[in-house]
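Visitor: Hi! I'd like a walk through this structure, please. Could you put it up on the screen?

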Amino acid sequence: MNTHVLPRGVTDDLDLSQSDFERIAAVAKSGWGLNLDNAKRPLIKSRLSKRLRALALPDFAAYCELIEANDRNETDHFISALTTNVTNFYREVHHFDYLEEAVIPDLIARAKNGERVRLWSAGCSSGQEPYSLAGSVLHYDKNAASYDLKILATDIDPLVLEKAQKGVYLSDECGFPSPAHEARIFARNEGSGKTRSVHQHLQSLISFRHLNLVDQWPISGKFDVIMCRNVAIYFDKPTQVRLWSRFRQCLLPNGHLFIGHSERIADPEAVGLRVAGTTTYRLCASAQP
């Protein structure tokens, strides 16, 4: 029988005081733009209690001192604990249907003519989104990897990025809208083990990078497609508006921005975008250079 033994001086009854919560929220906001309101205090307590136990810290005050000092060994775990990495292959499949019908054919035609084509999965989590994008592109043209067509996948959490780069998933992480979508990502005969590895040709299209969306973006060139879904929900309204504006500035003429099902851009035209579909936006003609 396994017995859970806590580190010396650490108890199961860790108390997250209001002042300590406010210190944690201040670090999350200043460092990563995350908006932690008081309603999230029980969730934050539950998630960070695991870090206190792992580090053998006696209380949240000691943990606050650690993260306020920007301890590099802990900040990765801190940001991973504060964000929820819930994703699936072809999640919100209507976005991919729209891409395949209205966007990808033109992108492939341009790429065949030697033009540069770029897609960005901003907030890619453990990788299911960019691999789905690659699956849609290669479904339309199996030779897409030979063109100047690339997918950038970025996330704030280095721990999930490491998983994304490997492209290896537990079988219960591999749900799909249909068997046809599944076949784009995994070999048909590779479903009997505990883990599954994505097709190697998908990985050849994708570059994974660590990126904090509220910092500077070391990105050269603009994008035809940006997906940033269920990320802005972590930000307050002013930060969201700045993010939408920055994305618009990164879009090429006729470029598209896709956001999450629970997100909306209150006044798209104010940031140079127009509605193109459900949680789908396109660069306004007036905003194009």
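**A chat about the sheet and some helices**

Guide: Happy to. One thing to keep in mind is that this is a predicted model. Let's begin with a pair of residues: Arg-274 stands opposite Arg-282, which belongs to β9.

Visitor: Now β2. What does it pair with in the parallel sense?

Guide: One partner is β1 (residues 117-122), through six bridges. There, Arg-118 has Lys-150 of β2 as its bridge partner. β2 also runs parallel to β5, joined by five bridges, and Ala-153 stands opposite Phe-208 in β5.

Visitor: Why is β2 described as largely enclosed?

Guide: Because six of its seven residues are buried, the rest of the structure largely encloses β2.

Visitor: And which helix goes with β1 and β2 in a β-α-β unit?

Guide: That's α6 (residues 128-140), and the unit is right-handed.

Visitor: Switching topic: which residues of α3 are buried?

Guide: In α3 (residues 60-68) they are Phe-60, Tyr-63, Cys-64 and Ile-67. They cover an arc of only 105° around the axis, so they sit on the same side of α3.

Visitor: Why would residues a few places apart point the same way?

Guide: An α-helix has 3.6 residues a turn, so residues three or four places apart point the same way.

Visitor: What do those buried residues of α3 pack against?

Guide: Three helices: α1 (18-32), α2 (41-55) and α4 (72-82).

Visitor: What caps the N-terminal end of α3?

Guide: Asp-59 does, with a side-chain oxygen 3.3 Å from the backbone nitrogen of Ala-61. Just after α3, Asn-70 has a positive phi of about 60°.

Visitor: Last one: is Thr-75 buried or exposed?

Guide: Thr-75, which is in α4, counts as buried because its relative accessibility is 6%, and the cut-off for buried is under 20%. Apart from neighbours within four places in sequence, Thr-75 is in contact with Trp-32 and Asn-70.

Definitions and conventions. Residues are numbered from 1 along each chain as its sequence is written. This is a predicted model: local features need pLDDT of at least 70, side-chain atom pairs count only at pLDDT 80 or more; totals for chains, interfaces and linings use all residues. Side-chain values use heavy atoms; hydrogens and water are left out. Two strands pair if DSSP finds at least two bridges between them. Helices (H or I, at least four residues) and strands (E, at least two) are DSSP runs, numbered from the N terminus. Buried means under 20% relative accessible area, exposed over 50%, partly exposed in between (1.4 Å probe, protein chains only). The arc is that of the directions from the helix axis to the C-beta atoms. Contact means heavy atoms within 4.5 Å. A polar contact is a pair of N or O atoms within 3.5 Å; within protein, one must be able to donate a hydrogen and the other to accept it, and residues adjacent in sequence count only if both atoms are side-chain atoms. A crossover is right-handed if, with the strands pointing away from the viewer, the path from the first strand over the helix to the second runs clockwise.
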